[in-house]
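Subject: Structure for you to look at

Hello,

Here is the structure I said I would pass on. Please open it beside this email and follow along as you read.

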Amino acid sequence: MPDLHNKRIVLGLSGGIACYKSAELVRRLVEQGATVDVIMTDAATHFITAVTMQALSGRPVFTDAWDPRIPNNMAHIDLSRGADAIIVAPASADFMAKLVQGRADDLLSTLCLARACPLLVAPAMNREMWSAAPTQRNVAQLKQDGVSVLGPAAGDQACGETGDGRMLEPSQLLAELIAFFQPKLLQSKRVLITAGPTIEPIDPVRVLTNRSSGKTGYALAKAAREAGAEVTLVSGPTALPTPHGVLCIQVQTAQQMHDAVLAHVKQQDVFISVAAVADWRIENIATDKIKKDHTTNKSHTPDLKFALNPDILATVAALPNAPWCVGFAAETERLSEFAQAKRVRKGIPMLIGNLAQHVMDADHTTVSIFDEHGEHPLPTSAKQDIARQLIAAIAARLPNKK
Ligand code: C5P
């Protein structure tokens, strides 16, 4: 099921060049199952047309409080009452000032004042306008009034300057909106996650690694962030983008992953060890590429010496004041027996087990939770859905105080 299934969103556009990004946003919202009503201020119509937004949302777009298509002239009430959230993107400095003052001199500001649903704003403006004292006062006041302020980001601006004030990208706004609707089961908790494979060099061009796409670990990072946690992700090499709002530390080898985890483990509430850590590394790494022997017909095989890598999860679980630890186990047979034994051996309260051959690289997965009470299988589902269920299962088991 798409993440915004059955959600009704009012998307407000005030005047700013970032209006062009809102065309992409409306598309992404619709893709995720939302019904989107677009409202534009007069200034917004100078940057993008209502026709564009209407074509993308598939619904009438309103730009005027006196639109004759509104039979009772109550668009501000009707639209707000049916909505699950209003998001104003872009929110100009002027529009935020109006929100702070409670002014209602056009359809969008009237709708925001008359709303009976949450309001989110995505500021977009020049860096000097953003850092100006009145804007900063207004942003602080909006937050105090319960408005969610998304961004802004820093970077190149349409005016040619560089700094804070860029509107978040459509994919980031979508992630924020999806997160907004998720229950805040891990509010203010700190969660450390490892994901992906590690790669262990053999020589400058060859490596030893495990098969791991990183999808489950990244999905858990996203789900934990959606649940309100502050998330640090220590990741081996993957092709995945860092989930919005997650601090990602990139590593290559198991030793680097171990060091990064230990550097960040202090004051974490939860540690979720999803990474497929290579069990061994090569002790005699060659400084130059190992050559095949071309002078004889005999096949030449290198004499590799293996050393055991540190067990990151077991190390963290044994720390004084250890975070609440969750492990993963991909087995190829006798899942229940091996997974439960692994949980006990590692000294952790919860372990997620699956049959490796069923899920490797896939977008869907079938897992069971193992804890002191036994095995709890979850139905096969998309990795992101499973990740949300696992976060809920962790939150339900997490002791109140460490
Ligand atoms: O049996 P194994 O040690 O591979 O158990 C898998 C679990 O242990 C996973 O949670 C994995 O992330 C973690 N692990 C680890 N460090 C290792 C090997 C596995 O943290 N060196």
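Below is what was found, going from the whole chain to single residues.

The model is predicted.

Overall

The chain holds 14 helices and 21 strands. Along the principal axes, its C-alpha atoms fill a box of roughly 85 × 55 × 40 Å. Of the 402 residues in the chain, 47% are buried.

Start with an open sheet of 5 strands, whose pairing is parallel and whose order is 2-1-3-4-5. Which strands stand at the edges? They are strand 2 and strand 5 (148-149); each has a single partner strand, so one side of each lacks a neighbour in the sheet. As background, strands of a sheet pair through backbone hydrogen bonds, and the pairing can be parallel or antiparallel.

Strand 1 (residues 8-13) pairs with strand 2 in the parallel sense over 6 bridges. To find this pairing on screen, look for Leu13, which stands opposite Met40 in strand 2. Strand 1 also pairs with strand 3 (residues 85-91), again in the parallel sense, over 4 bridges.

Strand 2 covers residues 35-40 and is mostly covered, with 5 of its 6 residues buried. Strand 1, helix 1 (residues 19-31) and strand 2 together make a β-α-β unit, and the unit is right-handed.

Glu31 belongs to helix 1. Is Glu31 buried or exposed? Its relative accessible area is 52%, and the cut-off for exposed is over 50%, so Glu31 counts as exposed. The C-alpha atom of Glu31 is separated by 35 Å from that of Gln268, a residue 237 positions apart from Glu31 along the chain.

Asp3 sits in the segment before strand 1. With a relative accessibility of 22%, Asp3 is partly exposed. Asp3 and Phe181 are 178 residues apart in sequence, and their C-alpha atoms are 9.1 Å apart in space.

The nonpolar core

The largest nonpolar core has 33 residues, and those that touch the most other members are Leu186, Ile193, Ile272 and Ile391. Several elements supply at least two residues each to this core, among them strand 8 (190-195), helix 9 (215-226), strand 13 (270-273) and strand 16 (324-331). Which element gives the largest share? Helix 14 does, with 7 residues. In soluble globular proteins, nonpolar side chains tend to be buried together.

The ligand

A polar backbone atom of Ala275 is 2.7 Å from an oxygen atom of the ligand. For Leu313, a polar backbone atom is 2.8 Å from a ligand oxygen atom. In the case of Lys342, an N or O atom of the side chain is 2.6 Å from an oxygen atom of the ligand. How much of the ligand does the protein bury? Taken alone, the ligand exposes 440 Å², and the protein buries 86% of that.

Two loop residues

Asp203 is in the loop between strand 9 (199-201) and strand 10 (207-209). Its relative accessibility is 3%; buried means under 20%, so Asp203 counts as buried. The side chain of Asp203 has a polar atom 2.8 Å from the backbone nitrogen of Val205. The side chain of Asp203 also reaches the backbone nitrogen of Ile290, at 2.9 Å.

Lys291 lies in the loop between strand 14 (280-282) and strand 15 (306-308). At 60% relative accessibility, Lys291 is exposed. The C-alpha atoms of Lys291 and Ser188 are separated by 53 Å, while the two residues are 103 apart along the chain.

Regards

Definitions and conventions
Residues are numbered from 1 along each chain as its sequence is written. This is a predicted model: local features need pLDDT of at least 70, side-chain atom pairs count only at pLDDT 80 or more; totals for chains, interfaces and linings use all residues. Side-chain values use heavy atoms; hydrogens and water are left out. Buried means under 20% relative accessible area, exposed over 50%, partly exposed in between (1.4 Å probe, protein chains only). Two strands pair if DSSP finds at least two bridges between them. A crossover is right-handed if, with the strands pointing away from the viewer, the path from the first strand over the helix to the second runs clockwise. A polar contact is a pair of N or O atoms within 3.5 Å; within protein, one must be able to donate a hydrogen and the other to accept it, and residues adjacent in sequence count only if both atoms are side-chain atoms. Accessible areas come from the Shrake-Rupley method with a 1.4 Å probe; for residues, only the protein chains shown count as cover. A nonpolar core is a set of buried Ala, Val, Leu, Ile, Met, Phe, Trp, Tyr and Cys residues joined through side-chain atoms within 4.5 Å.
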